[in-house]
2 protein chains.
Amino acid sequence: MSTIYFQKQPRIVGWYSVAGKKESEGPLGKTFSRIEKDEYFGEKTHECAERKLFVTAIEGAIQAAGIEPEIVFAGDLLNQIVSASFAMRDVGLPFVGMYGACSTMALSLINAATFIEAGAAHTTVAAAGSHFATAERQYRTPLEFGNQRPPTSQWTVTGAGATVLSDTKKSPYAVTCATVGRVIDYGVKDVNNMGAAMAPAAADTLERHFINTKTKPADYDAIFSGDLGQIGEEALRDLLKERGYDLGDRYYDCGKLVYAVQQKVDMGGSGCGCSAVTLNGFIMDKFKRGDYHKVLFMATGALLSPTTCFQGETIPGIANAVVIEEVTE
Amino acid sequence: MSTIYFQKQPRIVGWYSVAGKKESEGPLGKTFSRIEKDEYFGEKTHECAERKLFVTAIEGAIQAAGIEPEIVFAGDLLNQIVSASFAMRDVGLPFVGMYGACSTMALSLINAATFIEAGAAHTTVAAAGSHFATAERQYRTPLEFGNQRPPTSQWTVTGAGATVLSDTKKSPYAVTCATVGRVIDYGVKDVNNMGAAMAPAAADTLERHFINTKTKPADYDAIFSGDLGQIGEEALRDLLKERGYDLGDRYYDCGKLVYAVQQKVDMGGSGCGCSAVTLNGFIMDKFKRGDYHKVLFMATGALLSPTTCFQGETIPGIANAVVIEEVTE
């Protein structure tokens, strides 16, 4: 499929990010709408805390927008996306459950914009989130086990982000086009090296996006990948170079931005929340300050499950890209 | 949100259903495009078999349509929707992962139609599927355990269905409008009584759909719910009666249709595959024979995970409704 162009230019009229203590101590700490230092967020389980992150982000974004949305697009990493689904009991709006692993923030944003473009709704919400403790328990081992993390591993971000899009309220920031990802599998089997598994999908989406839109990296103030981490970022740079694109110094990985090296997170951050809080914190902040006018936001996902790994499968990846830009009326 | 009206009336230009042995022995057996009697589908695990059901259904629908689609919307019940995701490695098209539990066939169809309405694509595919053995292992106990099933339980359908929509190819059957579901939770905790958990969500979607579209049950040749089963069907009839709607004899539940009583499936069929094979087998067959001209297809989902159950949570439900009708040019 070619890139989707949104003629209605759905505007970003509200955004909100809520992040945990570790994230607040990282380089992006000051850009988050809210910090929640209690890893349980006042709840009795980490799963309930993750759910509360979702409700907080969605309600925060709606309040910031000052306009009532009609439908929510959201997803998370937990089995059966229970964080998003259960959060929607409280939000009460029609709900489209999305799963794109850590690419979910971009995937939700694309669908939320497409519903506006189709005239199916005037105001929509896109959201995604994750929690370090729930992801560790589900994908790896419970925290109580105290296992040692391999140096290629990444740290799941505790946080959620939500974006409100609308074609009725004014805002200078719009979602103008998007490229939906394909599932790409280069045969990586190491679950502790997700960056390497996702980089080929990121390269595929970026290349298709550049070709379709006849743009090059220099046409964007910044290009973000979701959570490739250090290894994945390097792999993506190399893969793009082979295809004739030099990402240069305008390319950043949310996973590398979100934590400082001294926070001991190995290759960087990951999880649906990683790109969600970076978009709805740092990136929108930069737009508001006038530093960014056009950004290519590409969240990346590793489409594995513990079962597929146990069964010896390789790890397919996917990457979804959205262009956010400042537009005149 | 109000009901979505598709002005472009995306046409159903191809459909395909593949189902297992038990399903082939049920009342709908003759309506399926393909029967696969080997529960492993020639693969080494049931998970791989489920994935192959997906590829078979998607490729079958594309072949039936005779037109190349641009994007696929699909989901399943397995953790991280790995059946759909891994199947997309073989299909190779851009992919939007959906999760609506057993409501996924309708949810995918709505999104596939909306992308066409938005002009984001001309030809799209919606797909969903499930496998009895993978669902038992993940949600309940592995088959080898040989546990006794409570009489309120349902039997996960082994099968997958896919529908190709297009605004470029002609066909008399169109997706004309849709109502996206809200997450509704009446506090049911019994994981062996999903019908009761989903019925309130089904009632909410149906009532909103009837009010929005100013239609009543008699305006449809048939109304289908996904997999409420016997208890859920009765609960839905009662809930709708309280709201002033008599579903009468035009209402059917795919879960009740798919198996015969003597097949010992307790309350009936369930799983993403249940409504997917019924739509892409029995229902489209009825359209083709001229028995149906306008159908309200509402797939229903229970948004639980084993983790939420272990943590004592109740079971939220959701239901997504799509109108399929015969249209003149």
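1. Copies are superposed by least squares on the C-alpha atoms of residues with pLDDT of at least 70 in both. In this predicted model, chain B is brought onto chain A by a rotation of 180 degrees, with 0.0 Å of shift along the axis and an RMSD of 0.0 Å. The two copies are thus related as by a two-fold rotation axis. Among the residues of chain B, B:A118 comes closest to that axis, its C-alpha lying at 1.9 Å.

2. The predictor assigns the complex an ipTM of 0.97 and a pTM of 0.98. For chain A, the average pLDDT is 96, and 99% of the residues score at least 70. Where pLDDT is low, the predicted coordinates should not be read in detail.

3. The interface between the chains involves 47 residues of chain B in contact with 47 residues of chain A. On the side of chain B that touches chain A, at least two residues come from each of the following elements: β4 (71-76), α3 (82-91), β5 (95-97), α4 (104-117) and α10 (306-310). The residues of this side comprise 26 nonpolar, 15 polar and six charged.

4. Does each copy use its own surface, or do both use the same one? As to the contact residues of chain B, 100% recur in chain A, and the same surface serves both copies.

5. Helix packing within the chains is taken up next. Two packed helices are described by the angle between their axes and the distance between the axes. In chain A, helix α6 (residues 194-213) packs with helix α7 (residues 229-242) at an angle of about 35 degrees, their axes being 8 Å apart. The crossing of α6(A) and α7(A) is right-handed. From α6(A), the residues A:G195, A:A196, A:M198, A:A199, A:P200, A:A202, A:A203 and A:L206 take part; they meet A:G229, A:I231, A:G232, A:A235, A:L236, A:L239 and A:L240 of α7(A). This contact holds 12 nonpolar residues, three polar and no charged.

6. In chain B, helix α2 (residues 46-65) packs with α3(B) at about 50 degrees, with the axes 8 Å apart. Helices α2(B) and α3(B) are therefore oblique to each other, and their crossing is right-handed. The contribution of α2(B) consists of B:E50, B:R51, B:F54, B:V55 and B:I58, while α3(B) provides B:S83, B:A84, B:F86, B:A87, B:D90 and B:V91. Seven of the residues in the contact of α2(B) with α3(B) are nonpolar, one is polar and three are charged. Helix α3 of chain B is also one of the elements that supply residues to the side touching chain A.

7. The axes of α4(B) and helix α9 (residues 272-289) of chain B come within 7 Å and cross at roughly 60 degrees. The pair α4(B) and α9(B) is therefore oblique. Here B:T104, B:M105 and B:A106 of α4(B) meet B:C272, B:S275, B:A276 and B:L279 of α9(B). The contact of α4(B) with α9(B) has five nonpolar residues, two polar and no charged. Helix α4 of chain B, too, supplies at least two residues to the side that touches chain A.

Note on methods
Residues numbered from 1 in each chain as written. Chains lettered and ligands numbered in written order. Predicted model: local features only at pLDDT ≥ 70, side-chain atom pairs only at ≥ 80, totals over all residues. Contact = placed C-beta atoms within 7 Å. Helix = DSSP H or I, 4+ residues; strand = E, 2+ residues; numbered from the N terminus. Nonpolar A, V, L, I, M, F, W, Y, C, P; charged D, E, K, R; others polar. Axes fitted to C-alpha atoms, helices over the stretch in contact; angles between N-to-C directions. Left-handed = near helix turned anticlockwise from the far one by under 90°. Parallel < 35°, antiparallel > 145°, perpendicular 65-115°, else oblique. pLDDT = per-residue confidence, 0-100.
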